[in-house]
Amino acid sequence: MNKPLRRIAIFCGLLVLALLIRDNWLQYVSADQLRTHEKNRRVLIERYAQERGDIIVDGKPVTGSEKTTGSDFAYKRTYKNGPMWSPVTGFASQSFGATQIESLEDEILTGNDDRLFFRRTLDMITGKKQGGGNVVTTLNGKAQKAAFEGLGSKKGAVAAIDPSSGAILALASTPSYDPSKFAGNGKEDQKAWQELEKNPDKPTLNRALRETYPPGSTFKAVTAAAALEHGLYNDPDEKTDSPLPWTMPDTQTELKNEGNIPCKNATLREALRVSCNTVFGKIGADLGKDKMAETAEKFGFNKEQFIPVRATASNFPTKMDKPQTALSSIGQFETATTPLQMAMVASAVANDGTLMEPYMIDQLQAPNLDVIEKHDPKAMSEPLSKPNAQKLQEMMETVVKEGTGTAAQLPGVTVGGKTGTAQHGVDNSEKPYAWFISYAKNPGGGSPVAVAVVVEDSDADRGDISGGGLAAPIAKNVMKAVLDSKGDGNGGQ
């Protein structure tokens, strides 16, 4: 063979070798990546080729599927009372993807999860149409309704937890949106999505999980826990070393209280009842940033939570001077928290000091309703010893009996709580946020529910905004809904 032919033969051989390598790379190395790539339309066609499984609340689906026409997607997602449930479900859209449970449990809902392989194989043999599995949530429908309707037209959020297990009972966020309106891929879906994107009130923002707010005086429950746990004070009725006025360390600035309230050397119980800034600010400064941060982090601060939807990490600053520590200890400066985090604080106190890991999915089901995975509740941390938790319970119950939280009282039920009115904006120029955290106790012991509520009411007069006035009534109705559904309430009397 002459030299030119030999060169052509070698070149052709190299091309064939490159083709074989590329072919094997695509088939074996990149196959999964290409199969699941977001721009691979066949993935979407497969996702919507059959009815999705459902997201279940109280044994009933809050989602559904309906047949579509004029599209290569056979089915699209539907939602029952979508605005109320969207902070839980998220959305599944043929045009805009999926979020939250719809995204995280997509493999189960479409029936493509590896754990359903045997079921899929059996269906292929028998000719049965493939179906999706179900996601069974921990949510309480009556509590969710009370939270959503309580928030009404106001911006805000509610999170409610079962302290004994960590199960999330309510997760509401307003303003909200209806995921059914953009579940398809038509012009109306595109229009609905664009309107949501342009809405300055951000309806798609899950304020219960993804927005952080200054917690204001609700954080004083954490500061009280730190004072007890670190031995600064041992008795709720022991007088504190709290002069009035009190000047923050290394400054000439007095920390002010709201109004003329009895804060001079007040006991922990009295200071929490009337919400003394001076007492809890000084406690924070006396303990120091490290001890305060240690307690806050045991409650879950400075760490993302996964329920399994990701919740933004709440912040308790760790680099502060003494006056900043004082301000942080009354829920100001750079302290910022999600409603879920503050529900976790109330939950740990109610559960005698044990913080259970919060979760929203109880079990995953195969299409034939066989359970393929069930959540096992887990303890997350011990922010308080049992004796100290019970002391803090006494203090929070005094707040509701005869303090700033009387609007949360429930006849025949022991309720503990803490109000908060959080200032924000430059020089506190913005209207404050109204907060309330609480729990309700069974007559026979144990607490079935802990709640956190935050309200951003831009329509209210500044002087009318308070945790006790705006947020506590919502928390009361959520707690009552849980108690009534468990048969522990007073039947509405």
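## Burial and the Cysteine Residues

A residue is called buried when its relative accessible area is under 20%, exposed when that area is over 50%, and partly exposed in between. Cys12 has a relative accessible area of 40%, so Cys12 counts as partly exposed. The structure discussed here is a predicted model.

Two other cysteines, Cys263 and Cys276, are both buried. A disulfide joins Cys263 to Cys276, with an S to S distance of 2.1 Å. The count for the model comes to 1 disulfide. The link of Cys263 and Cys276 is left-handed, with -90° about the S-S bond. Cys263 lies in the loop between β11 and α11, and Cys276 lies in the loop between α11 and α12; the pair therefore ties together parts that are 13 residues apart in sequence.

## Aromatic Pairs around Phe219

A search of the whole structure finds 11 aromatic pairs. One of them is formed by Phe219 and Phe301, and this pair is edge-to-face, with 5.5 Å centre to centre and 90° between the planes. Phe219 belongs to the loop between α9 (187-198) and α10 (220-229), while Phe301 belongs to the loop between α13 (289-298) and β12 (305-306), so the pair ties together parts that are 82 residues apart in sequence. Phe219 is buried, with a relative accessible area of 0%, and Phe301 is buried as well, at 1%.

How are the rings of Phe219 and Phe316 arranged, stacked or edge-to-face? The pair is stacked, because the planes lie at 10°, with the ring centres 5.4 Å apart. Phe316 is located in the loop between β13 (310-311) and α14 (322-328), and Phe219 in the loop between α9 and α10, so this pair ties together parts that are 97 residues apart in sequence. Both Phe219 and Phe316 are buried.

## The Covered Helix α12

Helix α12 comprises residues 277-287 and is mostly covered, since 10 of its 11 residues are buried. The buried residues of α12 include Asn277, Thr278, Val279, Phe280 and Lys282. Gly281, Ile283, Gly284, Ala285 and Leu287 are also buried.

Against which elements do the buried residues of α12 pack? They pack against the helices α10, α11 (268-274), α13 and α14, and against the strands β10 (246-247) and β11 (254-255). Just after α12, Gly288 takes a positive phi of about 90°.

Note on methods
Residues numbered from 1 in each chain as written. Predicted model: local features only at pLDDT ≥ 70, side-chain atom pairs only at ≥ 80, totals over all residues. Heavy atoms only, no water. Phe/Tyr/Trp six-rings, centres within 6.5 Å; stacked < 30°, edge-to-face > 60°. Helix = DSSP H or I, 4+ residues; strand = E, 2+ residues; numbered from the N terminus. Buried < 20%, exposed > 50% of the residue type's maximum accessible area, 1.4 Å probe, protein only. Contact = heavy atoms within 4.5 Å. Disulfide = S-S within 2.5 Å.
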